Amino acid sequence: MGYCSSIRKISRKSKYVILLILVLSLLAWIAIFSRDMVKPIYPTTQQTHVKEESQRKEVDLQIEAANEINTPPQKTKCPQVSPLLLGAVKLSFESSLKLKDVEKDNEEVNEGEYKPSDCTARQSVAILIPHRNRERHLLYLLHHLHPFLQRQQLHYAIYVIQQAGDVTFNRAKLLNIGYLEALKDYNWDCFIFHDVDLVPENDHNLYVCDTQPKHLVVGRNATGYRLRYKGYFGGVTALSRDQFFKVNGFSNAYWGWGGEDDDLRIRVELQKMKIVRPPKNVARYTMVFHKRDSGNEVNRDRMRLLGRTPQSWRKDGLNSCSYKTLSVERMPLYVNVTVDIGKRLS
Ligand code: UD2
Ligand code: MN
């Protein structure tokens, strides 16, 4: 009897042990099964990071490859001295020359603007030409100036500022307008203030700005290629954007012929700047022959105006230049800005 009851006790205990093992293995199975089910739908956060990282790297590589295809290789700066310069050239003034011919010769010029294709120009230069009724002179100038500037490997654009109507001409005010209008297109480094009838004879006369305001016409055919007088600052001058801003541009008060160039010299001197000039064998021009235009009579007030420049320059110039732009036409070889500049008061 004692033997039997102890056997019964053992078998009851082992039943509990088996039951426990069964329950535990069921739980283990549920745990393993549920993990396998969940894994593919919700990857662990660590796995997400690894995958994102590798995707990002792949995208970066693709962008890099695309950039290499799209961006041309960086151009180098154009040389200090252009290898294209010819020195003194023989100028021609053919009466048969047509605008179409000049356009055809300069197909790389777009709306008056040009950039060298194989190097980065050292300066960006706006050429400003005051104009009224001098179409023939303008044609000769465009014919010579475009190839001349291209040989100098410049980034440049030519602006012609046309005075509308027939009131007295005002060269200086037109040039102020040229500066203000050209800066709306591009932040030019340098401005060349250029008479329409002056053609440069030597391409070593560089149309770039210096650390000081530059006068480019030492001599011209009609004056035996000599400087007309000490301090002469007419015809063609080069001032940087900052130099011209510093002197408040030209005076707007000179109506008719004369004085405005001397006024600019006084402004430059008042700012303690010093006019520089290229050597005289280089700074040579041919002025196309002309008589005094009607509407540009001698300004009899010019001496009085020159006397008051030291007092008036701060209030009379770029900061007081009022005008109405009538049109801006982007022609193949130049930007044609037509303006109403009002008339002399009094
Ligand atoms: C001298 C100066 C010039 C200026 C002028 C006095 C030289 C080489 N040039 O030129 O820079 O100081 O005296 O104002 O010393 N213009 C027209 N239509 C006109 C009148 C003038 O387009 O009806 C323009 C044109 O760009 C011309 C410039 O103004 O080249 C100067 O006039 P100019 O040529 O009659 O005077 P000029 O040769 O005595
Ligand atoms: Mn002239």
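Helix H5 (residues 171–185) buries Arg-171, Ala-172, Lys-173, Leu-174, Leu-175, Asn-176, Ile-177, Gly-178, Tyr-179 and Ala-182, where buried means 20 or more other C-beta atoms, placed from the backbone, within 10 Å of a residue's own. This is a predicted model: local features need pLDDT of at least 70, side-chain atom pairs count only at pLDDT 80 or more, and totals for chains, interfaces and linings use all residues. Residues are numbered from 1 along each chain as its sequence is written, with chains lettered from A and ligands numbered from 1 in the order in which they are written.

**Helix H5**
- Those buried residues pack against E2, E3, E4, helix H6 (241–246), helix H7 (260–270) and strand E11 (335–340), a contact being two such C-beta atoms within 7 Å.
- Helices (H or I, at least four residues) and strands (E, at least two) are DSSP runs, numbered from the N terminus.
- H5 has 15 residues and spans 22 Å from first C-alpha to last, close to the 21 Å expected at 1.5 Å a residue, counting one less than its number of residues.

**Around strand E2**
- Strand E2 (residues 124–131) has 7 of its 8 residues buried, so the rest of the structure largely encloses it.
- E2 runs parallel to strand E3 (residues 155–163), joined by 8 bridges; strands pair if DSSP finds at least two bridges between them.
- His-131 sits opposite Gln-162 in E3.
- On E2's other listed pairing, 4 bridges join it to the parallel strand E4 (residues 190–194), and Val-125 has Cys-190 as its bridge partner there.

- Strand E5 (198–200) runs antiparallel to strand E9 (residues 284–287), with 3 bridges.
- Val-199 stands opposite Thr-286 in E9.

Notes. A residue is buried if 20 or more other C-beta atoms lie within 10 Å of its own, exposed if 12 or fewer, and partly exposed in between; C-beta atoms are placed from the backbone.
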